[in-house]
Amino acid sequence: MKKFEALDIATADMAFAAYGKTKEEMFENAAKALFSVMFETKEISAKEKRGIILEHEDDVILLHDFLSELLYLFDTEHIIFTKFNVKINNGKLTSEAFGEKYDEKKHKFIIDVKAITYHKMEIKKEKNLWKCVVIVDT
Amino acid sequence: MEMRKIRDSVHEIKKEGAMRVPARLYANDSVRSLIEESALIQGMNVATMPGIQRHSIMLPDTHYGYGFPIGGVAAFFEEEGGVISPGGIGYDQNCGVRMITTTLTADEVKPKLRELVDALFKNVPSGVGSESDKVRAKDSEIDDVARLGAKWAIEHGYGEKEDLSRTEENGCMENTDPSKVSDKAKKRGRPQLGTLGSGNHFLEIQKVSDIFEEKTAKKFGITGKDQVIIMLHCGSRGYGYQICDDYISRFNSAMPKWKIELPDRELVCAPLGSDEANDFVGALNCGINYAFCNRQVMTHWIRETMMSVFRKEREELGLDLIYDVCHNVAKFEEHEVDGERRVLCVHRKGATRAMPAGRKEIPKLYRKEGQPVLIPGDMGSASYVMVGTESASETFFSTAHGAGRLSSRTHALKTIRGEDVQKKLEARGQIVRATSFKVIAEEAPGVYKNIDDVIASTESAGISRKVARMTPMGVTKG
């Protein structure tokens, strides 16, 4: 199962689809996709850990808020996250995100993501596969 | 969709369905054929919004955005239920452009071009962790930056008062309310003050290739062919992006109480005069001011770098600002609609204000000529200085902001290699210094429309006039 892939559906921004056997796995892969838009580096260690707790009854808003929080942590603390574990229960999301601090000698930066948009954002389950589409403003 | 040509370079899409007004596309036939139908549909969607005046506008650089098309203008009237929408401005609030003239010619700069590009790349931070410890803005001062805009920069030694009179809004929007800006926005913004960011932001050294209106050009500080000019393009960094995101979320939650029906979620808005709208205006003006301050700080470093590389004083080098324009903004401006003067909330998302001679909004210095309009092309082609015209009243005195993307970043990354683009440009004598080859690929010349066609469209439509054209010599990109 592909974890995520770039989509060619937004002229000015970057779009991706992320997949998972569970909703939580899809959220984790969406987070991986977000950082793949920004960085090329494959080896990122899991030295740093941050916790995220969010709540919303609407999964689309929850996904937006989760990715936005990761983006905020990256922008303010310069941690490139690489591994995630997500638990979602009744609209409450708890997650640990692991990564390492940005090092310009080691990490190949591609482009800034300004924000997670709601444009065409969707989450659906097709035949036991969860899929989301996210467009980020670059 | 029924589109008919009204006159050269102006097309109108008839009202249909929920549209309250028609939609207009300003583009000559050559550019029109490149415009995605999806962008036109977005223009039609905007035309459904409450209180929209005259027509929803798409300029020749228009392309598909999220909700509102990029390269679009929409004006709303409060008394008719008009709204304000963060998506009609863009995440990069007051992304904009400024140009600085020099007394140098291309021949004088060429031998030092690489040194200059490297020095600018070093002194004007860009790319990730684009953070600057060079600007002494303490945590507590971010609110001052939000209230004062470019004035804060001047007060702290980054430039001079004259720069303010050559900046849209004199570099400072009034009606700011930093208490309506979230802590998150402040935390993102404070360390990023004085940085370029990445993507389509850049710093470019250009030379004048053509002068179309000599008198106006001279007034703007453009003295002759091969004169070297510096162009800066960037916005409000994480500060503005976060403000936009915060208010999109807040308006999303508030929307149900106003029962506004929208064909696209990203058109989320609030009625002008509502608490939500007023709070957003207070915060938006902070975002706009942050960007003015940012560009002013960088202007100072550009001046310092030039003086250091050429070992000349400021007076010898010139280094005067032509002007500074916003192209992602919403402002309250007076316009005539149906024979009545109305204060409208004019949204420009990837569009530049282009006011004609006589308007009080433009500096006294340029009031006889009209407002300078600065339009960058892609890194391989050209940029233009234009001037505002009377006949642009039909676009609420707005014109294009750039070349407009043709293909997506995803597509660009699949088909273009940044290294090849860089080599091709260097073979023509142009230096590109970027933090990654991928961003060069994403911003490569082929992914944008032809800027000369886009500019020709604005002129044939009568919404701005060419004054001068520049071509790039060197560029730094985040």
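A salt bridge is counted here where a side-chain nitrogen of Lys or Arg lies within 4 Å of a carboxyl oxygen of Asp or Glu. The structure shown in the following views is a predicted model.

**View 1. Salt bridges and polar contacts join chain A to chain B.** By this rule, five salt bridges cross the interface of chain A and chain B. One salt bridge is formed by the side chains of B:Arg237 and A:Asp112, with an N to O distance of 3.2 Å. Between chain A and chain B, eleven residue pairs are in polar contact, both residues being at pLDDT 80 or more.

**View 2. The side of chain A that touches chain B.** Two or more residues each are given to this side by strand 1 (4–7), strand 2 (14–20), helix 2 (59–77) and strand 6 (115–116) of chain A. Helix 2 of chain A gives the most, with ten residues. By residue class, this side of chain A divides into 21 nonpolar, eight polar and ten charged residues.

**View 3. The extent of the contact between chain A and chain B.** Chain A contributes 39 residues to the contact, and chain B contributes 47 residues. The size of an interface is often expressed as the accessible area lost when the parts come together. Between chain A and chain B, the buried area is about 3,400 Å², and carbon and sulfur atoms give 55% of this area.

**View 4. An open sheet of three strands in chain A.** The strands follow the order 3-5-4, and their pairing is antiparallel. Strand 3 (48–55) and strand 4 (79–89) of chain A are at the edges with a single partner strand each, so one side of each has no neighbour in the sheet. On average, neighbouring strands of this sheet are turned by 20° against each other, direction ignored. Strand 4 of chain A and strand 5 (residues 92–101) of chain A run antiparallel and are joined by ten bridges. In strand 5 of chain A, A:Thr94 is the residue opposite A:Lys87. Helix 1 (residues 23–38) of chain A packs on the sheet and touches strand 4 and strand 5 of chain A; the direction of helix 1 makes about 160° with that of strand 4 of chain A.

**View 5. An open sheet of seven strands in chain B.** The strand order is 1-2-3-4-5-13-12, with mixed pairing. Strand 1 (3–7) and strand 12 (328–337) of chain B are the edge strands, each pairing on one side only. Neighbouring strands of this sheet are turned by 25° against each other on average, direction ignored.

**View 6. Strand 4, strand 5 and helix 2 of chain B.** Three bridges pair strand 4 (residues 56–63) with strand 5 (residues 70–76) of chain B in the antiparallel sense. B:Ile70 in strand 5 of chain B stands opposite B:His63. Helix 2 (residues 37–46) of chain B lies across several strands, including strand 4 and strand 5 of chain B, and runs at about 155° to strand 4 of chain B.

Methods. Residues are numbered from 1 along each chain as its sequence is written. Chains are lettered from A and ligands numbered from 1 in the order in which they are written. This is a predicted model: local features need pLDDT of at least 70, side-chain atom pairs count only at pLDDT 80 or more; totals for chains, interfaces and linings use all residues. Side-chain values use heavy atoms; hydrogens and water are left out. Two strands pair if DSSP finds at least two bridges between them. Helices (H or I, at least four residues) and strands (E, at least two) are DSSP runs, numbered from the N terminus. Axes are lines fitted to C-alpha atoms, for helices over the stretch in contact, and angles run from 0 to 180 degrees between N-to-C directions. Contact means heavy atoms within 4.5 Å. Buried area is the accessible area (1.4 Å probe) that two parts lose on being put together, summed over both. A polar contact is a pair of N or O atoms within 3.5 Å; within protein, one must be able to donate a hydrogen and the other to accept it, and residues adjacent in sequence count only if both atoms are side-chain atoms. Ala, Val, Leu, Ile, Met, Phe, Trp, Tyr, Cys and Pro count as nonpolar, Asp, Glu, Lys and Arg as charged, and the others, Gly among them, as polar.
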